[in-house]
Amino acid sequence: MRKNIVAGNWKMHKNHTETLALLEDIIAQKQETATEIVVAPTFVNLKAAVDQVTGKNITVAAQNMHQAEGGAFTGEIAASMLTDIGVQTVILGHSERRAYFHETDALLASKVDTALKHEMRVIFCFGEELKDRQKNNHFNIVEYQLRDALFHLKKEDWKSIILAYEPVWAIGTGETASPEQAQEMHQFIRELIAKVYGTEVADNVSILYGGSVKPDNAKEIFSKPDVDGGLIGGASLKAADFLAIVNAF
Ligand code: PGA
C-alpha cells in the first residue's frame, strides 16, 4: 500500500549553519510517525544533512540534478554525485525549475530516466497555471505533463516514482487549492495511471499535494482519500510548522 510522505522543499534558503540548526530542531521535536519525512536542502548542504539525519528516519532529497552522467556542464550536478553522498531521492520538475530554468517535460523525461538508472527515487512535480484553470483546461495540462515526462516508463519503474501535484497558482502565494480541488485532481491522476498502468500501480503510487500547505490547512487536505502527503515550501523552514504538518495525518 502507498506511503504517506511529507517533504520539505527548502529551495534556495538556509546556509550551512542554518541547515544544521533546522535539522537539529526537526530531529529534537519529531515524534514517532509512520509518515515518511523528507527534507531537501540546497546542494552544498546535502552531505552535512545526510550525516546529520543518519539513523533518524528522515530522508534527504536533492532539489534537482542534471540528466547527463557527467562531463562539461559547468555548474551542474550528476546523479552519481548524489548517490555517492547517500542521497537517493531527487525532486524533478518543480514549477520554479520549469518557469525560471526552462525545463520541459521532454527534458524531465530524460532526468527521470537518469535518476532511475541510478536507482534513485523521484518526486515528480507538475501542475497547471492559473490561466489553465481559468480556461478549465487543468486536467488536460496535467495529463500531458504526466504523459510526456513519465508515461514512457515501465510498470516496475513506478516503484521509484512519487507524484507531487502542485498547481502553480498556489505555490508561495498563500492561495491553496481547496481540499476538494486537490482531491478531484488527485483522483483524476490516479484514474489516469490506472488506465495506463493498471490499478496496482495506481493504488501504490503516493500523490502529494503542494502549494501553500500550512499547519492550519494540512489536516483537511490530507484527510482526502487520494492525497498521500505534501510537498511543503515556506512552511518547511520552521521545525514546528513542518512537524505540525507531518503530524496532520
Ligand atoms: P509553498 O511551496 O508551500 O511555499 O507554496 C510549495 C512548493 O513550491 O513545493
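User: Where does Ser-206 sit, relative to helix H9 and strand S7?
Analyst: Ser-206 is in the loop between helix H9 (199-204) and strand S7 (207-210). Helices here are DSSP runs of H or I with at least four residues, strands are E runs of at least two, and both are numbered from the N terminus. This is a predicted model, in which local features need pLDDT of at least 70 and side-chain atom pairs count only at pLDDT 80 or more, while totals for chains, interfaces and linings use all residues. Residues are numbered from 1 along each chain as its sequence is written, and side-chain values use heavy atoms, leaving out hydrogens and water.

User: Is Ser-206 buried or exposed?
Analyst: Ser-206 has a relative accessible area of 5%. Buried means under 20%, exposed over 50% and partly exposed in between, using a 1.4 Å probe and protein chains only. So Ser-206 is buried.

User: What is Ser-206 in contact with, beyond its neighbours within four places in sequence?
Analyst: The partners are Arg-2, Lys-3, Ile-5, Ile-162, Leu-163 and Asp-228, leaving aside those sequence neighbours. Contact means heavy atoms within 4.5 Å.

User: What does the side chain of Ser-206 reach?
Analyst: That side chain reaches the backbone oxygen of Lys-3, at 2.7 Å. A polar contact is a pair of N or O atoms within 3.5 Å; within protein, one must be able to donate a hydrogen and the other to accept it, and residues adjacent in sequence count only if both atoms are side-chain atoms.

User: Switching to the ligand. Which residues come nearest?
Analyst: There are 13 residues around the ligand, and Lys-11, His-94, Glu-166, Gly-172 and Ser-212 come nearest. A residue counts as near if one of its heavy atoms lies within 4 Å.

User: What kinds of residues make up the shell around the ligand?
Analyst: Four are nonpolar, seven polar and two charged. Ala, Val, Leu, Ile, Met, Phe, Trp, Tyr, Cys and Pro count as nonpolar, Asp, Glu, Lys and Arg as charged, and the others, Gly among them, as polar.

User: How far is an oxygen atom of the ligand from the side chain of His-94?
Analyst: It is 2.6 Å from an N or O atom of that side chain. A polar backbone atom of Gly-172 is 2.7 Å from a ligand oxygen. For a backbone N or O atom of Gly-234, the distance to a ligand oxygen is 2.8 Å.

User: What share of the ligand does the protein bury?
Analyst: The protein buries 97% of the 280 Å² that the ligand exposes when taken alone. Those areas come from the Shrake-Rupley method with a 1.4 Å probe; for residues, only the protein chains shown count as cover.

User: New topic. How many aromatic pairs are there?
Analyst: Eight. One of them joins Phe-139 and Phe-188, with ring centres 4.9 Å apart and planes at 55°, so the pair is tilted. This pair ties together helix H7 (residues 138-150), which holds Phe-139, and helix H8 (residues 179-197), which holds Phe-188, 49 residues apart in sequence. Rings of Phe, Tyr and Trp (its six-membered ring) pair if their centres lie within 6.5 Å; planes under 30 degrees apart are stacked, over 60 edge-to-face and the rest tilted.

User: What about the rings of Phe-151 and Tyr-197: how far apart are their centres?
Analyst: The centres are 5.8 Å apart and the planes are at 75°, so the pair is edge-to-face. Phe-151 is in the loop between H7 and strand S6 (161-165), Tyr-197 is in helix H8, and the two are 46 residues apart. Phe-151 is buried at 16% relative accessible area, and Tyr-197 is buried at 9%.

User: Which residues do ring pairs link into a cluster?
Analyst: Phe-124, Phe-126, Tyr-165 and Tyr-209.

User: Last one, backbone. What is the phi of His-102?
Analyst: Positive, about 55°, although His-102 is not a glycine. Most residues other than glycine have a negative phi. His-102 is in the loop between helix H4 (95-100) and H5, and is exposed at 63% relative accessibility.

User: And what is the phi of Asn-136?
Analyst: Near 60°, again positive in a residue other than glycine. Asn-136 lies in the loop between helix H6 (130-134) and H7. Its relative accessible area is 58%, so Asn-136 is exposed.
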